[in-house]
Amino acid sequence: MPTNKREKKPFHAVSFSGGKDSTAMLLMMIERGMPIDMVLAADTGMEFPEMYRHWDQVEQYLYRKRGLKLTILRHPKGFEWLMFDQPKEKQSSIELRNRLGVPLYGNGWPGMKVRWCTGQLKTHLIGKEVSRLKKEYQILHYVGIAADEPKRIKGEQYPLAEWGVTEAQALQICYDRGFDWSGLYEIYRRCSCWCCPLQRIDELRKLRRHHPQLWAKLLELDEKALTQFGHNALGQFKKNWTVAALEERFAAEDCELSPFDSYGKTLNFKKGADYLNVLVVEPGMVPYEKEIDGLKDMQAIVGGRITAIYPFEDKAALVSNDEALLRRMEFNRSIEGGYGGICGPFFVCGLGEEDFCSLTPEQMDFYKKKYHHAEILVGFRGEEPVTLKAEPRKPPGQEPPQRPPKTR
């Protein structure tokens, strides 16, 4: 029986975040001659300046190859309005905030359980546009998810996964074609919004160092959130940290201060008089004790400029190479406290009143056991490294002596 229902035309929409995976997907789709009708990008307003320049570069390439420009979607009010000014309308939200004494407007800092930023500034905008197109077309929606992220695959088109392209390969594909984000991926492991509270602490430390203007803006947002919402899930940047507290911590680390030194004195590296007994941990190796004499010995162990972090509950510091990621040093060990992991060799030392000091015998035994097993990096779960434990090798010169062959 004849029908008046018109068959919908196919329409190929590509989601483009600007990250390595969506960029590699778009480049490969263009190279393979795949149809593209629209490239959708959601601008949060909180991307890195280098990311916006990358968008411009990709758009120019897209226009040369396909005569298309990015279709950029934005929330009409923006991130800061959502964070501080959006009025609460649900009765349950109003009642809860009244009980807690929290203002009836603003969403506060995003969190793991309530990621309103992703929803309202990205997925909702993309989803709304795709739904609009579905009324007129048969939509094929392409999303950049790499082959080593199978849990993120849901129900769209995933070319990278189909082609077996991993995250590392996606980044290399972009580099090989001249798209390098002005070095952004050489500093940060992921290049999402610079103000994200879900970043690891080491990523925030790099934000402060490499993007001081963005860090200054983050301090302003932090102060405003605490004033408006107080020290709670809405007002505090991370569970155990405000941005102001992180600023103090990073400043102390920059000056190589002990967090137990209330006088703010810089650490002194005395030559000759005060040898330190530390624990050296190299990738794949059994940790070993070493006696060191001053800053040069410290730099020799880590292979360059040192940086100190304080992830432990006792008076101990972990000292590593400040440029380990930039120099692509080998993954070493996982580190608790929001640090993720350390690349390249590091050593653990004690903390005295004004200076680094030797580990106590008890500390030495504890950290030897803690870091005994080597770790093989197999991937990431969110921002945390996923590793496999392995039997470590002994450092050169520490192998057991070989028995001479028996003679008859």
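In this predicted model, helix 9 (residues 201-210) and helix 11 (residues 243-254) cross at roughly 75 degrees, and their axes come within 11 Å. On the helix 9 side, the contact is made by Ile-201, Leu-204, Arg-205, Arg-208 and Arg-209. Helix 11 brings in Leu-246, Glu-247, Arg-249, Phe-250, Ala-251, Glu-253 and Asp-254. Sorted by class, the contact of these two helices comes out at seven charged residues, five nonpolar ones and no polar ones.

Four strands pair up in parallel to form an open sheet, and their order reads 3-2-1-4. Strand 3 (70-73) and strand 4 (137-142) sit at the edges; each has a single partner strand, so one side of each is left without a neighbour in the sheet. Going from one strand to the next, the twist averages 30 degrees.

The pairing of strand 1 (residues 9-15) with strand 4 can be followed in the structure: the two run parallel and are joined by six bridges. Along this pairing, Phe-11 is found opposite Ile-139 of strand 4.

Helices also lie against these strands. Helix 1 (residues 20-31) stretches across strand 1, strand 2 (38-42) and strand 4, and its direction is at about 140 degrees to strand 1. Helix 2 (residues 49-66) packs on the sheet too, where it touches strand 2 and strand 3. The direction of helix 2 makes about 145 degrees with that of strand 3.

Terms used:
Residues numbered from 1 in each chain as written. Predicted model: local features only at pLDDT ≥ 70, side-chain atom pairs only at ≥ 80, totals over all residues. Heavy atoms only, no water. Pairing = 2+ DSSP bridges. Axes fitted to C-alpha atoms, helices over the stretch in contact; angles between N-to-C directions. Contact = heavy atoms within 4.5 Å. Nonpolar A, V, L, I, M, F, W, Y, C, P; charged D, E, K, R; others polar.
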